[in-house]
Structure formats: C-alpha cells, structure tokens
Amino acid sequence: MQRIGVFVCWCGSNIAATVDVEAVSEALKSEPGVVFSTNYQYMCSEAGQNMIKDAIKEHNLTGVVICSCSPRMHEATFRKTVQGAGLNPYMVEIANIREQCSWIHKDKQTGTEKAIILGKAAIAKVHLNAPLTAGESPVVKRALVIGGGIAGIQTALDIAEAGFDVDIVETKPTIGGKMTQIDKTFPTLDCAACILTPKMVDCAQNEKIHIYSYSEVTAVKGFVGNFTVSIKKKARYVDTTKCTGCGVCTEKCPVKNVPNEFNLGMNNRRAIYIPFAQAVPKVATIDADYCNMLKNGKCGVCSKVCTAGAIDYKQQDEIIEERYGAIVAATGFNPIKLDNFDEFAYSQSKDVITSLEFERLTNAAGPTSGQLLRPSDGKHPHTIVFVQCVGSRDTSGCGKPYCSKICCMYTAKHAMLTREKYPDTDVYVFYIDVRTPGKNFDEFYRRAVEDYNVHYIKGMVGKVAPRADGTLDVQASDLISNEQLHISADLVVLAAAIEPDKSARPLATMLTASMDTNDFFTEAHAKLRPVESPTAGVFLSGTCQGPKDIPETVSQASAAAAKVIGLLCKDKLTCNPCVAHSDEMLCNGCSSCEKVCPYGAITYSDKEFRMPDRTTAIRRVAAVNEAVCQGCGACTVACPSGAMDLKGFSNKQIMAEVDAICK
Amino acid sequence: MTFSYYPGCTLKTKAKDLDRYGRKAAEALGVTLEELPDWQCCGGTFSMSKDEIASKLSAVRSLASAKDKGNDLVTLCSACHNVLKQTNDAMKNDPDFSAKANNYMKLDVPYNGETNVIHYLEMLRDKVGFDKIAEKVTNPLTGKKIAAYYGCLLLRPGKVMQMDNPENPTIIEDFIKAIGAEPVVYPYRNECCGGYVTMEDKALAKKKSNKVALSAAENGADMIITACPLCLYNLNKNADESDIPVYYFTELLAEALGVKD
C-alpha cells in the first residue's frame, strides 16, 4: 500500500473562489492510502514546495497528489520538488482543479464536488504508479531555419554567432523576404535595404550558415534533438556553383513579358532573372513557366551568352536529407487577396493599389525609380486617399478578424513621406482607430498629423467609384462630424490585412506543430513561452506566429535563436520515460501499432518463445525503440490484444481513474 | 422547362411591362412559367427584426404553395425576390423563426424552406443559358450601349441571395452581351436608388438616383435596364438631372427575341 500525501492549492483566489479547498483536502483525507492531506495558498511557491518536501520526510510518503493547475503549467515543478525529497519524480500526480474545474464552474458547490472527484481519480492512479527512470538521447548540433526573411536571417545569424551550424531554407530564389520590397522603415525612416542587405551578405559569408534558396521542406521525421528533414532543391536550370551573377542572360533573354513579382507585377522581367540587384545568392533562375527553351525547345539564348557555362536546361529537382537538433519556423506573411473587397475597385482601377504596391512605387529600385506616379497614366497624383483596415478587424467573413498591427504605422509613414516629397499633394487617411503602441510610434503618427498636415478622418470608406475622367470618387463617412464625404482622389491606397504564408499549414502538419484558426503558429504559452511551439524542438520566429513589425520580428527572431542555442548547447537530452512497451506474451503480431505510430518507433521481429509444453515456437512480435517513442499513446489504443501499454499512463492506471470518477 | 412563377402585386399594377415581356420572352425561349394560383403579397420589404413574424407569413404561404407544385420558383421583381429568398433562408436555417412561422401557419406538413427560389435572371443564366439565348436572338440590339442597374435588393445580402458578387456583379452585363448589345460598366450600378425614401425625403431620393443615372451617362450608356419597379420609378421620376431612358430588362429581351409588340 502506498503512503499518499494530498496537497490542495488555492492558486490565490483562482481555485479558492469557486472550490472549497478546505473541504477538498478534508474529503480526500479519508481516501485509501492517504496519510496526509492539506491545503495552501500557493503550492508552487517556495513555502508550498517546502511543505511538500517536509511532509514526504515526516510521513514517509511514497506518492504525492497535487490538486492545482494544469500539469502543463507546473508538473515539471512538482516533479523536481519531490525529487528533492528523495522520491521518484514520476510518483507525483496532478489533479487539474483550475483549468478543468474552478475556471469553468461558477457554483462553488459544483466546483468543490468536482475537485474532490478529480482528486480521487489522481489518488487512484498514484496507487498504481511505479518509479520511472528517464533515458537520454544525443543532440544533433545543427539547426534548420525555414524561411529566409528578416526573421529567419536574424535567427540564423544569432545561432551561427554562438558557434552552431545552421541552414536556411527559402522558397524564393533569394533570401531577404518582404523587407527587401520595403522602401523606408518606421519609426526612424532608415532605408530598409541599407539595414537588411548587409545582414543578407553576412548570412552568405558566414561559414556556419548554409542557404538553400529556391528550396522547400518536403518531409520532417524524428523528434527534438534529432530531426531528419527532406529538402527539395527546385531546379533553377542554372548551376549555382558556376553562375557569377553578371546578369547578361537577364538582359538578353527574349521573353520580356513576365510579370515581375518583386515589383508586384507593376513591371515585367525576363524568363531568366535575378530578383533584384542585392539578391543573395546572386545567381540567375529560369522561370520554367515562361522559358521558350524549356517549353518548346526553341531558344537557348541565355546558354549562348553565358560565359561561365552555368545554364543547364536538363537540371532536375533534387531532394536531400539533413539531420537537425532544432527547427525554427519563420515562414512569414503575405497581404491578403482583395477579391472580397470589390467596393474599393481594386480590380477595376489601376489607380487603386495596395500599400505594398505603394511601397514599390516610392522605392528608388521600383518600377518608377521612386517617382510617385499613377499606374494608369504615369502622372503625379495630387490627392491620395489611404484606407486602413481593408480586411483587418473584419468579422463579416470577407477578411480577417484580427488587427494586422503594422498598417497604422506604415500608412502614417506613407502619408508623411508623400507630404515631405510632394507638398502639393493632399493626403487623407481613413481609419477605424489609430493604433500606435510601440517605442516612438505615437510620436511618429502625431508628426504625420501635426507637422505634415495629413488629414486623418475617423470613418470607413464605403465605395471607390472610378470616374470617366480618370479620378476616383471616394465615398466615405466622417464619424466625428457625422457627415458623408465624397473625395475626388487621384490615387487610393488600401492597407490590406496580412495573413500567414500559404506554406505554413502544410509545414505545421509536417512538424506536428499546432496552429490557430487563422493559420498562425501557436506558441507553447502565450505569455511565458512565446517563441516555442508546443512541439518540442520546434521554435517560432516572426510573423508566422502573429502580425508583427520589423523591430518585434527581430526581437522574436533573436529570442528563438536563444532557445535554439540553449538546446544545441546540451550534448544529451533527457527522454520522456513515459514511453510505450509491448508485452511479448500478449502480442499477436498484427502490426496495428506499427501502422499508427507517427514516429516510426515500433519494429517487428521474429522471436523464439518457449511454450508451456516445452517446445519452442517462433512468433512475430513488436518492439518499441524507447529513444524514438514520444509517448503519444496511439499504439496502446490501436493494439487489439492489450499487449501495448504506456509507462506512467498504463491501461490499468487510466481505468483506475475512470473507476474513481464513476464511483 | 417548367417553373412556378411569382409575379407580385406591382407587376399586376404599376409594372405590367416587366411581367408582360417577361412572360412573352419566356415563351419564346421555350420556358413555361406557371403562375402560383394562390400567391399573396410578398410583404413588400423583409423586416430585419428577428421576432417580426407576421409580415413574413404571406411570403411563407407562397413558398409553401410552390413546394406543393414541386418546381423551382421564379421571381421577377427585385423586391419580391429579396423578400422571398430571405424568408425562405430563414425558414431553412433559423429554427426559431421557422418554428414560430409554422405554429402560426398550421400547415398540413410544416414548411422548412424546401422551395428553391431563383430570380428570372438566374433562370436565364443557369437554366436556359446565355449562350442558348444568344442563339435564339432574332433582333440583336447591336451597337446599343446599355448600363445594367442592379440596385441593392437583387444582390444583397450576398450570403443569402447568392446570385453574384454584390460588389462587382456580372450577371446583367452577361445578359446584355447575350442580346447582342454592349454593356457599360459604371461604379454606381449596385448602389441604392433611394428606394422608399422618396416618400419622405424627396431631396435624398433625387441625390441618390441622380448619382446613378449621371454615372451611367458619364460612362457612355444609351439606356439603363433594371429588374426593379421601384428603381425604375426613382430613375425616371427622381433622376431629374439626366434624361437617360430606363427600361425593364425583360422588355429588351422580348425585343431581341422578336416578340415585343
């Protein structure tokens, strides 16, 4: 018989307000095996933990039940506590009477009754607990960063700085991401290229960093400390070891009408191209959808003009496999498509543009060499209307329910820079709220209003009507003066909501990392573990986790790097001892468990058994590789003969809990 | 091809042309429109109030009667279409509403939105096909520049009406092409004409309908077509800054098919 101690936590008023903690500790005192039961305001505090340690020694406890918050929160804490008092850490059970009880009940009597039942279940389980010892697994000292925008770049640089190898996988031909398309950055207005491109070059030159550009992750196997990742290097039909980036091919290619994605289709590029002058790696890529040679075998101009002999029309996609100790998701964002917002006439008028297009129109390397000109007629616009929250904070289902966070600031930047460079231009900004929390952010916005006389109008635009004379009739409401406004504009700029890149969801599936309903990666804890995924060994960097501006993205990128470094510094990781094991005498060799195991931890082999009649028989039985098993329990459910069981969560333990609840 | 047909009160009085040409054109296209024998007024407008049941009951009655006939129910007036479609949607998807309505109605079999309500334009597009119409046109309106006027009731609320993109529709433009004319796309084709506001604020109705008519004219239209009697009224009477003519789309369809008298 176990000697069990019960410790009921108040969690301040979090539990005590809806659960009579005194009654719970009193009721659990009379459960079989319980020799000590008490309650305390904060069981996780030092005093609380000492209370547990003292009780273990004083009452010779062999098992401990703690009625408190979710085990996700403090199971590790309490395991350490009992270990400090000489008990095996797996002799602790947590009854979650906060998230699963006090927080969801309003009635104290109901809450108390339920807390007692949950406590009884934990006691029933701890009776069947056995000491478990954790094994160890080695750590592969190399990290993978998926996405080569500013987030991925910063994470990779920081990891490399600590002395670890790190690979960046980027789907585009160059790293740099969205920041390469931006002209100036708020709130200091320094040039984005001037602060980003040196970092891109640092990545390329750092011998600890390897860049897989124009590549994609296609499969992920393994677990924390030991992932095996398949990377598809897409055929770019150019030998990157030979290409010097001279760019002659991109000038001679006869296919001139390929929409240039770097300038958001506002001008054209060739079928062989280098995205922009500062691209890293600076090598050409052939766009197979447009290349005449690849489509119908007629052309070959690039091959003829390439003095380095780098063109290779026969190049194929190549899949390589690499092993990593940690993986960082940094897949970034895109502005949403505006198909659901035809009231703004984006698809009907060339002079209705998105903010990112505006960014290209004001960029010296953009389609107009930085001159702010109307796309329709190349004339200078004299009245510009900026529309905020296009698809952000939208609960109608057309857009996104969340705030995209960056739009208020970049619109203030656009408005201010326009007034600075073209003082003869009238600039209007329509907004629901102006949200500028951030260091020097509100001051920045106020400068736009007070020093640059940008007309900020609280209200939404209902319609943008292109007129026959080329102007845009902007119909809007002014909520402060309660008026309907009609503004005749030359250019309308829409602050489109941002959404996670489409590659994020399939990647999350590969990583078994969780996502929210908007396809942003979920963090392990919203406040305390904001750069880690709940999946061990997977970390989050930048906007793949939620909307962020550049300063925040860089902070998070470095934080993710710190977490990766902390992991890679270890030579070995302690494994979870709660792993599956198979009872060979019960196993019927059906392979059900092998099929459901997501980690490939189960193998079958023929084994010789001595039978009761003293003969021997060869049977096919399952065996679990404990170093690979993650203890998910899928096999124990699938096993038809009950041979597969999970240590620490055995079928008997679970049934004992169920019995205790149903009693 | 046989459909049940709901004309509505206005089509029997002020908007006889909308109805008359609609029937003639349907006949020419080989479509049989069977007028619901016991239809009642749709209720005029769809009340937004959740517990307002009484004003919707007559619409439910017509819908239930169409269910007994077993054919899709074709409507023609934009306002009737809007009320019938929204009421039908509420009967189908709002259990509270349909329970209350069915309690009042005491039908032999409860009605739960089984009837499929389509507008005449949807019938042309989805059942007959604009390409088939183009083949049957004997008198193409070649060279005519026509502005489609949708108004608000035909397309909104988009999730219920499900006819076309409410902000950038194409169904009437495609219809105009089918009868051999040239559609004129202009930004105010899906804005409100002023509707019933003409009863109490003439100036506002004038402002709204002038905006529509002038915008169509500015973009080079010779005429405006509509499916709504109230829109036609407002654009004729209240758009006093423009003399652009306004017709029912069925009149032009009948003309193109050579059955206009």
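This is a predicted model: local features need pLDDT of at least 70, side-chain atom pairs count only at pLDDT 80 or more; totals for chains, interfaces and linings use all residues.
Mentor: Residues are numbered from 1 along each chain as its sequence is written, while chains are lettered from A and ligands numbered from 1 in the order in which they are written.

Trainee: What makes helix 10 of chain B largely enclosed?

Mentor: A residue is buried if 20 or more other C-beta atoms, placed from the backbone, lie within 10 Å of its own; it is exposed at 12 or fewer and partly exposed in between. In helix 10 (residues 229-237) of chain B, 7 of the 9 residues are buried, so the rest of the structure largely encloses this helix. Among them are B:Leu230, B:Cys231 and B:Tyr233. The cover includes helix 1 (16-28), helix 3 (78-93) and strand 5 (145-149) of chain B.

Trainee: Why do strand 20 and strand 23 of chain A count as edges?

Mentor: Two strands pair if DSSP finds at least two bridges between them. Helices (H or I, at least four residues) and strands (E, at least two) are DSSP runs, numbered from the N terminus. The open sheet of chain A has 5 strands in the order 20-27-21-22-23, with parallel pairing. Strand 20 (352-354) and strand 23 (455-458) of chain A each have a single partner strand, so one side of each lacks a neighbour in the sheet.

Trainee: How do you know that strand 22 and strand 23 of chain A pair?

Mentor: DSSP must find at least two bridges. Strand 22 (residues 426-431) and strand 23 of chain A have 4 bridges, in the parallel sense. They therefore meet the definition of a pair. In strand 23 of chain A, A:Ile457 is the bridge partner of A:Phe430.

Trainee: Why is the crossing of helix 1 and helix 11 of chain B called left-handed?

Mentor: A crossing is left-handed if the near helix is turned anticlockwise from the far one by less than a right angle, and right-handed if clockwise. Helix 1 of chain B passes helix 11 of chain B in the left-handed way. Their axes (lines fitted to C-alpha atoms over the stretch in contact, with angles from 0 to 180 degrees between N-to-C directions) come within 8 Å and cross at roughly 35°.

Trainee: Which residues make that contact?

Mentor: Contact requires C-beta atoms, placed from the backbone, within 7 Å. Those involved include B:Tyr21 of helix 1 of chain B and B:Leu253 of helix 11 of chain B.

Key: Two residues are in contact if their C-beta atoms, placed from the backbone, lie within 7 Å.
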